[in-house]
Amino acid sequence: MNNKNKLFSDADKAVIIHDATKEINKQLSSEGRRRFLKQGLTLGGLMMLTGCDMSDNQSVENTLSRISRFNDRVQGWLFNANDLAPIYPESMMTRPFPFNAFYSEEEAPVVNGDAYRLEVAGLVADKRPWTLAQLHQMAQVSQVTRHICVEGWSAIGKWGGVPFSLFLKGIGADLNARYVSFKCADDYYTSIDMATALHPQTIIALTYDGEIIPRKYGFPMKLRMPTKLGYKNPKHILVMEVTNRYPGGYWEDQGYNWFGGS
């Protein structure tokens, strides 16, 4: 076992992650983030430590960014790739599973499955694009897990597809790289850490509830990670890149926590 995990009991980790989640929710709007920072500076004396000028909005945002990146490092430090998210019986599935995006359901992108090609880039040995048929021919698994939204709701669904670790190994990805990033047909983009990419419950989801994944849930494929908050689970993926360059993300670049999980 990694020595860093011996320093914290499971109860300690739960408290840390619970408290961090509350702080993340406080920071969802720019005004809320500024108010959180001002309170934190007053209570903790961080103003003297950071030299942050509270009359300078850019200074506030820069300090918030440093705090957020520190939170990312702490969450990554606590992440244990052997810890599994809960699995539920199909009887507990949420029906209908809710649609969620930064646009309406009618605006979800229409992707031609026959012409679809998943592009792979960056630190991989085999950069050949993948068709949907090739992805469906790979070994498949399924899981009934809970999707947790940063907005405060959750839903249980059944997802099926290819273990992402199997795919990464198959294309000769550098498994020591720091990040995997995604670009999507709805102009969404995000990125994850390699430890989460290799987690046994992280899958390329090709089906939902035993059927081809519908457009509203991410056709032709999404990345399903029950260890991450919902905004970290990209849909309609077109390009995947393995990289050591910090890629950011659609919401993350607007102030959301980057790690976004447990």
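Buried residues make up 45% of the 262 residues in the protein chain of this predicted model. The accessible surface of the chain comes to about 13200 Å², and carbon and sulfur atoms account for 54% of that area. In secondary structure, the chain comprises eight helices and nine strands. Among contacts between residues at least 6 apart in sequence, 68% join residues at least 24 apart.

Four strands make up an open sheet in the order E1-E9-E4-E5, with mixed pairing. Strands E1 and E5 (189–193) stand at its edges; each has a single partner strand, so one side of each is left without a neighbour in the sheet. From one strand to the next, the twist averages 20°. Within this sheet, E4 and E9 are paired in the antiparallel sense over six bridges. Ser-181 has Glu-241 of E9 as its bridge partner.

E3 and E6 run antiparallel and are joined by five bridges; here Pro-163 has Ile-203 of E6 as its bridge partner. E6 also pairs with E8, in the antiparallel sense, over three bridges, and the bridge partner of Ala-205 in E8 is Lys-222. With E7, E6 forms an antiparallel pair over two bridges, in which Tyr-208 stands opposite Glu-211 of E7.

E6 and E7 together form a hairpin with two residues between them, and Asp-209 lies in the turn. Asp-209 has a positive phi of about 55° although it is not a glycine. As a rule, most residues other than glycine have a negative phi, and most peptide bonds are trans. Asp-209 is partly exposed, with a relative accessible area of 27%. His-236 likewise is not a glycine and has a positive phi of about 55°. This histidine lies in the loop between E8 and strand E9 (237–243). Its surroundings cover it fully by the accessibility criterion: at 0% relative accessibility, His-236 counts as buried.

The backbone also contains cis peptide bonds. The bond from Arg-95 to Pro-96 is cis, with omega near -5°, and Pro-96 is located in the loop between helix H5 (57–78) and strand E1 (119–122). The bond from Phe-219 to Pro-220 is cis as well, with omega near 10°. Pro-220 is located in the loop between strand E7 (211–212) and strand E8 (222–224).

The nonpolar interior comes next. In soluble globular proteins, nonpolar side chains tend to be buried together. The largest nonpolar core of this model has 48 residues, and those with the most contacts inside it are Phe-164, Phe-167, Leu-168, Ile-171, Val-180, Met-240 and Val-242. Helices H6 (132–137), H7 (164–170) and H8 (194–197) each give two or more residues to this core, as do strands E3 (154–163), E4 (179–184), E6 and E9. The largest share, five residues, comes from E6. The surroundings of Val-242 illustrate how such a core residue is placed. Leaving out residues up to four places away in sequence, Val-242 touches, among others, Ala-121, Gly-122, Leu-123 and Val-124, together with Leu-168, Tyr-179, Val-180 and Met-194.

Apart from its neighbours within four places in sequence, His-147 is in contact with Phe-97, Trp-153, Ser-154, Ala-155, Arg-224 and Gly-230.

The cysteines remain to be considered. A disulfide is a covalent bond between the sulfur atoms of two cysteines. A search of the whole structure finds zero disulfides. Cys-149 is buried, with a relative accessible area of 8%, and Cys-184 is buried at 7%. Both values count as buried because they fall under the 20% cut-off for relative accessible area.

Technical notes
Residues are numbered from 1 along each chain as its sequence is written. This is a predicted model: local features need pLDDT of at least 70, side-chain atom pairs count only at pLDDT 80 or more; totals for chains, interfaces and linings use all residues. Side-chain values use heavy atoms; hydrogens and water are left out. A disulfide is a pair of cysteine sulfur atoms within 2.5 Å. Buried means under 20% relative accessible area, exposed over 50%, partly exposed in between (1.4 Å probe, protein chains only). A nonpolar core is a set of buried Ala, Val, Leu, Ile, Met, Phe, Trp, Tyr and Cys residues joined through side-chain atoms within 4.5 Å. Contact means heavy atoms within 4.5 Å. Accessible areas come from the Shrake-Rupley method with a 1.4 Å probe; for residues, only the protein chains shown count as cover. Two strands pair if DSSP finds at least two bridges between them. Axes are lines fitted to C-alpha atoms, for helices over the stretch in contact, and angles run from 0 to 180 degrees between N-to-C directions.
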